[in-house]
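Thanks, everyone. Let me put the structure up, and then I will go through a few points.

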Amino acid sequence: MPLHQHFDYLLPPGVTTSPGCRVRVPFGKRELIGICWQLDPPVDTASTYELKTVLAVLDEHPVIGPQLQQLLSFAADYYHHPLGEVLVSALPALLREGKPVLGGHSRQLQLTETGQQTSADTLKRAARQLALWQRLQQGPLSETELSGDSASVRALVDKGLAQWQLLAFEPFTPLPERQKALALNPAQALAVTAINQAGGTFQRFLLEGVTGSGKTEVYLQAISPVLQQGQQVLVIVPEIGLTPQTLARFAQRFAVPLQIWHSNMTDAERLLAWQRSDSGEAAITIGTRSALFLPFRRLGLLIIDEEHDNSLKQQDGFRYHARDLAVKRAALTPCPVVLGSATPSLESLYNVQQGRFVHLQLPQRATSQQVPRIELLDLKQQVLKQGLADGTIRQIEQRLGRGQQVMLFLNRRGFAPALICHECGWLTECLRCAAFTTYHKQSRMLVCHHCGASRGVPHQCGQCGSTQLAPVGQGTEQLEEQLQQLFPQYPVRRLDRDSTRRKGSLEQLLQQIGSGEPAIIVGTQMLAKGHHFPNVSLVVIVDVDSALYSSDFRAGEQLAQLLTQVAGRAGRGDIAGTVLLQTHYPGHPLLQDVIQNGYQSFARSALLERQQTRLPPYQHLALFRTESFDSQDGLAFLSMLQQQVAAEFPQLQFLGPLQPPLERKAGKYRWQLQLFSGDRKLLHQALQQLLLNARQSPLGRKLKWQLDVDALDLS
Ligand code: ADP
Ligand code: ZN
Ligand code: ZN
């Protein structure tokens, strides 16, 4: 693997297998593990004498069952991606390497008798062990639920307070819920009833609820009857950062085995989770997009939380959208699928318009809290102190003084977007990309956020030799430092990809913030993702101006989503929240619409605009990209392909060939061709032809190219 095409083999006499089972086969001079995909009846020996014979069949039962086979075939066709690579996404690494499927047992940790009788005092000096001991008092915990606690686990086992117990993998047994369900408000009740009534059939729901409207409670109550019937539930979330918080809420409610799935797990953890899905042991799985390919034994409900989030689309290799494949999976199962968001994608709203999705709406917050006010702060002609207007600083001071928390949001990590030479204006650029390098002060590095290249900070200007290099612009690291100077008596907590890279650091930051102490929180859009901070009463959006004038047709939608999501972080506790938006363009129609009329109104007019300009979701879009060391090869290649395809498919619309905003990345020049059609079938026929031509073209061998169906990232 990965296979770019199918290969035929003979089975040894007397050996049988079925599609979806792994086989060991000779391949050239090597031996490889493959998946048996199709069994053809033996034909006459004359035409098969050249075929090689399978060396061994590794599985008695398929590792990829019939339903997943259908899903993966569909995905390989739809995204025009080699089936072999698609299969790689669906199988844990250990299974791809030929390791046997686990031998039927998992472990759980439980308190010993001594452990049950001991008092909290004996552990009071070991906070983590104490916390684990308290969790174990609620009941045994599975290995996956314990991931991250290994040191405390060992300590408790060594002290004789806890012990491992072997369990056979078997379907979970539904137990009474740990916690009483909340009494639903009418909108929530309507949503839960609709989803429950769909039980066992394929139905698509879009749950649109303003932030804090109680979508999670709807999920919980929609899940409850599914579990009672012994069926499994899959909840897909966009980022791994969201999983611990969401997991905790589900674990508080349901006394069933829960597991998480994300890209930071070890191979062994992945195999275990795969096995627990396959055996039906994992009642609830909360995971990032690839959880979609887990082999559930009895899937009863599929939920996609934050369905608008772009990270649900894989941005390299097999570029699938987890939302779209989830809908397909629910159709194959069949079971209901619920897409939830406070700011639904225009694609999903369009699907509602077309009658494909049932629209469930939660227009009000579940508690008596007000949705926060958004205030525009005009930056024109203001003296800015460290990127912040006087009015902003005053408000921050006030909130902190009242013992509340303040959150500042800046979508640029690092200290500054570049260093500039004070003498000649030279800017530090990436040597390999058409982009500036971000200055990271803590690590004293210049880092390119496009290709990841980093180097030490130069002492001199690369052009005139001056040593007067100064940071320009502002990043989260700088904002953190400046706020610390302005408010030395309060802690400043930074939450971005840099500060959360170390394992456990995100959890620690969330815990510190969650304590509610008056503090300043600085972060990137990670902050916008579903976290619940009750003591935050002021959110400042430091800079939106760069997003207001972007060439990407989706920029407006993304900005509106971001503003609404960030605003939703304010005033979730008992205090009323305010959102301050600093901008030089307070009159900008998008800002005005979102602020005065809300996301729904924005979305309605944005959809109309997409219809008039004939853009997705009214047309289907596929993006064909090239990368090459020569600056013109891509243009020549794409022009040729376009002419060929246009001749055969005159109804198709094209944009390009053109250079994307980031014209050079990691040393390679980039070109792209956008293909549009209102007719999906036609578009896919054209793509097939285009790929065929591309593979046959000698020019195509000189450069790297790839197809991105339903592309989101056009940069
Ligand atoms: P969302 O996921 O839509 O942002 P949450 O599910 O986090 O909203 O709910 C926001 C808050 O409202 C939570 O504290 C939750 O416990 C509370 N809540 C939800 N539903 C109800 C209800 N029916 N009655 C009372 N409180 C509720
Ligand atoms: Zn670069
Ligand atoms: Zn210079």
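Where is P334 found? P334 sits in the loop between α12 (322–332) and β12 (337–341). Helices (H or I, at least four residues) and strands (E, at least two) are DSSP runs, numbered from the N terminus.

Before going on, the conventions. This is a predicted model, in which local features need pLDDT of at least 70, side-chain atom pairs count only at pLDDT 80 or more, and totals for chains, interfaces and linings use all residues. Residues are numbered from 1 along each chain as its sequence is written, chains are lettered from A and ligands numbered from 1 in the order in which they are written, and side-chain values use heavy atoms, with hydrogens and water left out.

Back to the backbone. P334 is joined to T333 by a cis peptide bond, with omega about -15°. Another cis peptide bond links G656 and P657, with omega about 5°; P657 lies in strand β28 (residues 653–658). R444, which is not a glycine, has a positive phi, near 50°. R444 belongs to the loop between β19 (438–440) and β20 (445–447).

Now the ligand. Ligand 1 is surrounded by 17 residues, the closest being A183, Q188, G212, K215 and R249; a residue counts as near if one of its heavy atoms lies within 4 Å. By class, that shell has five nonpolar, eight polar and four charged residues. Here Ala, Val, Leu, Ile, Met, Phe, Trp, Tyr, Cys and Pro count as nonpolar, Asp, Glu, Lys and Arg as charged, and the others, Gly among them, as polar. Helix α9 (residues 215–228) gives the most to the shell, three residues.

A backbone N or O atom of A183 is 2.8 Å from a nitrogen atom of ligand 1. A side-chain N or O atom of Q188 also lies 2.8 Å from a nitrogen atom of ligand 1. For K215, a polar side-chain atom is 2.9 Å from an oxygen atom of the ligand. The protein covers 76% of the 560 Å² of accessible area that ligand 1 has on its own, by the Shrake-Rupley method with a 1.4 Å probe.

Last, a helix pair. Helices α6 (residues 127–137) and α7 (residues 150–158) pack at about 75°, their axes 9 Å apart. That makes α6 roughly perpendicular to α7, a term for angles of 65 to 115 degrees. From α6, R128, Q129, L132, W133 and L136 meet S152, V153, A155 and L156 of α7.

Methods
Polar contact = N/O pair within 3.5 Å; in protein donor to acceptor, adjacent residues only side chain to side chain. Axes fitted to C-alpha atoms, helices over the stretch in contact; angles between N-to-C directions. Parallel < 35°, antiparallel > 145°, perpendicular 65-115°, else oblique. Contact = heavy atoms within 4.5 Å.
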